[in-house]
Amino acid sequence: MERGFTSSEECAEDIGGTSLNVGSKDGIKNGWATTDGLGLVGRVTGVGKETSLVMLLTDTSSKLAVAIQPSGEKAIMQGDNTRFPTLELIDKGDLVNAGDRIFTTGDGEVFPKGLLIGRVVRDSNGRERVNLAADYKRLTFLKVMRMTPVESVTESDAIIGEDATVNKETSDD
């Protein structure tokens with residue numbers, strides 16, 4: 001993981017994004033996840049030679065698939081420029097309780113599976129929200145997770161190899 005420095009004053013003023021003092025010269029790439037060591041913070045959305053931009057989970061443009069444990073329910077977490085993003089599209093809301101932990105699903109290959117995001121809380125209207133594990137008031141150092149794309153196998157020959165194919169006519173002899 002690459003570590004980048006960000007100004008906590010900058011994060012406190014702009015709940016949607018922040019910048020880091022690492023960039024392409026450090027190997028940083030668009031889309032990589034950032035954490036503060038406690039929980040997911042956001043993802044890299046712009047990379048310059050010496051700096052990069054991070055879109056925080058609180059940004060209104062931030063949406064991601066999440067898993068709620070222990071129920072296993074899936075939902076969409078939507079940033080709304082508050083410190084408590086909303087949970088949307090929960091199939092069986094009655095299985096979700098305040099205090100349940102929220103993780104990334106890995107769906108869409110935006111974030112790796114299993115990164116801690118936070119815990120379920122309910123607002124005064126009974127709406128499910130996320131109390132983020134990351135401490136947004138103290139974002140001084142962020143860790144940028146180096147992510148490599150997962151190769152997908154499209155043909156079984158790629159796994160087995162052409163030499164493993166048995167010719168039925170010659171194998172019966």
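Salt bridges and a buried serine

Modeller: Asp80, Asp123 and Arg129 are linked in a network of salt bridges. This is a predicted model, where local features need pLDDT of at least 70, side-chain atom pairs count only at pLDDT 80 or more, and totals for chains, interfaces and linings use all residues. Residues are numbered from 1 along each chain as its sequence is written, and side-chain values use heavy atoms, with hydrogens and water left out.

Biologist: What is a salt bridge, and how many does the structure hold?

Modeller: Side chains of opposite charge can pair when their charged atoms come close. The term means a side-chain nitrogen of Lys or Arg within 4 Å of a carboxyl oxygen of Asp or Glu. The structure holds six. One of them joins Arg129 and Asp123 (3.2 Å, N to O).

Biologist: Are Arg129 and Asp123 buried or partly exposed?

Modeller: Buried means under 20% relative accessible area, exposed over 50%, and partly exposed in between (1.4 Å probe, protein chains only). Arg129 has 15%, so Arg129 is buried; Asp123 has 23%, so Asp123 is partly exposed.

Biologist: Which parts does the salt bridge of Asp107 and Lys74 tie together?

Modeller: Their side chains meet at 3.5 Å, N to O. Asp107 lies in the loop between β9 (101–104) and β10 (116–122) and Lys74 in strand β7 (residues 73–78), so the pair ties together parts 33 residues apart in sequence. Strands are DSSP runs (E, at least two residues), numbered from the N terminus.

Biologist: Where is Ser62, and what does Ser62 touch?

Modeller: Ser62 sits in the loop between β5 (52–56) and β6 (63–69). Its contacts (heavy atoms within 4.5 Å) include Met55, Met77 and Gly79, not counting residues up to four places away in sequence.

Notes: Helices (H or I, at least four residues) and strands (E, at least two) are DSSP runs, numbered from the N terminus.
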